[in-house]
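I hope they are handy while you have the coordinates open.

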Amino acid sequence: MKKGVLLVNLGSPESPTPKDVKPYLDEFLMDKYVIDVPFLLRALIVRGIILQTRPKKSAEAYAKIWWDEGSPLIVLSKRMHKKVQANTSIPVSLAMRYGKPSIESGLQELHDQGVTEVMLFPLYPQHAMASTVTILVLAEEIRKKKFPNMNFTILPAFYNQKDYIRDLSNSIKKHLENFEYDHLLFSYHGIPERHIRKTDVTKSHCKIDGSCCHTPSPAHEFCYRHQCYETTKQVVEFLGIPEGKYSQTFQSRLAGDKWLTPYTDVEINKMPEKGIKKLAVVTPAFVSDCLETLEEIAMEANHEFKENGGEEFLAIPCLNDDDDWCKTLSRWIDQWAFAETETAK
Ligand SMILES: C=CC1=C(C)c2cc3[nH]c(cc4nc(cc5[nH]c(cc1n2)c(C)c5CCC(=O)O)C(CCC(=O)O)=C4C)c(C)c3C=C
Ligand SMILES: [Fe+2]
Ligand SMILES: [Fe+2]
């Protein structure tokens, strides 16, 4: 029995061109855990409507943040992977849910090293159907077809883990050292409200009314909204940020559904008139900087804030390949690998 780990992030297109963005968006948005409607309706919405115009617009956005080495999300995930591997003797592979390197190639790499016990490690602090569940479902499909002798253990969402909260808080603190902020905004990737109800294991707890997420419930093990509030609360406590000096919003919505509120862009635009002139934004739903942080926040939100009277804007980087964070990841891996754990198939 040999143990190994598969780190899985979201993925990016091959290049910032409509030709490569289109198949990436097709794979992403045709995922039934992302656009969760019956296949024919999904195909109509995605292929008939979204893919007619979005690839060009998205490619332009990607082109603004693209690096010489490639997509920031992929480059940063690879740097993190390298440091994590350097601090553990357990084989660690990196994969993306959409695009390359694929989950299948990551599992193949581990298989080629004789690994039979794999910890699946979704690189998302908060659990969501559109991010975590889709990884686990696809990995299981591939396991059944190609690697039937492998066993999987799943690393649960780490939104409230002491080590994660400490590393995130320390990184925020470091970036705020030279920035006298009026307000710190915690902006999380949004999801449709319907997804929250679907992942409610009690089928009765989630009301999305502002109070359910603060009332203890078994639903919270899989409630993205609760987990976002909890990450914010624990970071705020760790850093001692006073009430009124921070808030939480959700970004990156698609047209159509009602997504989690308040919306980041709407709130940021209102801030200058409320007296917030120096704004810092942190994006804890992402462990690696990506289109959503580098373009939507650091460029677009920054621009809008200033257009509306804001003066200074700081987009705090994600944890990326922060040394402490990479050591934490290696330590979690070792804790699992060297503990007497039961593996789940
Ligand atoms: C926290 C993780 C993420 C969740 C949950 C999530 C849900 C979700 N996303 C879309 C649609 C799009 N997201 C896009 C980019 C994108 N999304 C995440 C993470 C989560 N998404 C990341 C890390 C990225 C950036 C990828 C990169 O290459 O840098 C995009 C593509 C870009 C664009 O055209 O705007 C889309 C589309 C939905 C519909 C959804 C939940 C239903
Ligand atoms: Fe997304
Ligand atoms: Fe809730």
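**Notes on the model**

1. Let me begin with Glu 292, which lies in helix α10; helices (H or I, at least four residues) and strands (E, at least two) are DSSP runs, numbered from the N terminus. Glu 292 is buried, as 22 other C-beta atoms lie within 10 Å. The term buried stands for 20 or more other C-beta atoms within 10 Å of a residue's own, exposed for 12 or fewer, and partly exposed for what falls in between, with C-beta atoms placed from the backbone. Apart from neighbours within four places in sequence, the contacts of Glu 292 are His 189, Gln 251, Ser 252 and Phe 286. Two residues are in contact if their C-beta atoms, placed from the backbone, lie within 7 Å.

2. A word on the ground rules: this is a predicted model, in which local features need pLDDT of at least 70 and side-chain atom pairs count only at pLDDT 80 or more, while totals for chains, interfaces and linings use all residues. Residues are numbered from 1 along each chain as its sequence is written, and chains are lettered from A and ligands numbered from 1 in the order in which they are written.

3. His 189 counts as buried because it has 27 C-beta neighbours inside 10 Å. Neighbours within four places in sequence aside, His 189 is in contact with Gln 251, Ser 252, Ala 285 and Glu 292.

4. Why pair these two residues? An unreviewed UniProt entry places the feature "binding site" at His 189 and Glu 292. They span 104 residues in sequence, yet no two of their C-alpha atoms are more than 8.0 Å apart, so they gather at one spot. Please keep in mind that UniProt positions are given in the numbering used here, that feature names are shortened, and that annotations may be inferred rather than shown by experiment.

5. Which residues come nearest to ligand 1? Out of 22 residues around ligand 1, they are Ser 12, Ser 58, Ala 130, Cys 290 and Leu 291; a residue is near a molecule if its C-beta atom, placed from the backbone, lies within 6 Å of it. At least two residues of this shell come from each of α2 (39-65), α5 (129-146) and α10 (291-294). By class, the shell around ligand 1 holds 14 nonpolar, six polar and two charged residues. Here Ala, Val, Leu, Ile, Met, Phe, Trp, Tyr, Cys and Pro count as nonpolar, Asp, Glu, Lys and Arg as charged, and the others, Gly among them, as polar.

6. On helix packing, the axes of α6 (residues 162-176) and α12 (residues 323-337) come within 9 Å and cross at roughly 170°. That crossing makes α6 roughly antiparallel to α12. The contact is made by Asp 163, Tyr 164, Asp 167 and Asn 170 on the α6 side, and by Asp 324, Trp 325 and Thr 328 on the α12 side. Two nonpolar, two polar and three charged residues make up this contact of α6 with α12. For the geometry, axes are lines fitted to C-alpha atoms, for helices over the stretch in contact, and angles run from 0 to 180 degrees between N-to-C directions. Angles under 35 degrees count as roughly parallel, over 145 as roughly antiparallel, 65 to 115 as roughly perpendicular and the rest as oblique.

7. Gln 227 lies in helix α8 (residues 224-239) and counts as buried, with 24 C-beta neighbours inside 10 Å. Not counting residues up to four places away in sequence, Gln 227 touches Gln 126, His 127, Ala 157 and Tyr 159. Between Gln 227 and Ala 157 there are 70 residues in sequence and 8.7 Å in space, C-alpha to C-alpha.

8. Two peptide bonds deserve a glance if you plan to check the backbone. The bond from Lys 100 to Pro 101 is cis, with omega near -5°, and Pro 101 sits in the loop between β2 (92-96) and α4 (103-112). The bond from Thr 261 to Pro 262 is cis, with omega near -5°, and Pro 262 is in the loop between β6 (246-251) and α9 (264-270).

9. Finally, what is the phi of Lys 203 near? The value is near 60°, which is positive in a residue other than glycine. Lys 203 belongs to the loop between α7 (193-198) and α8 and counts as exposed, with 9 C-beta neighbours inside 10 Å.
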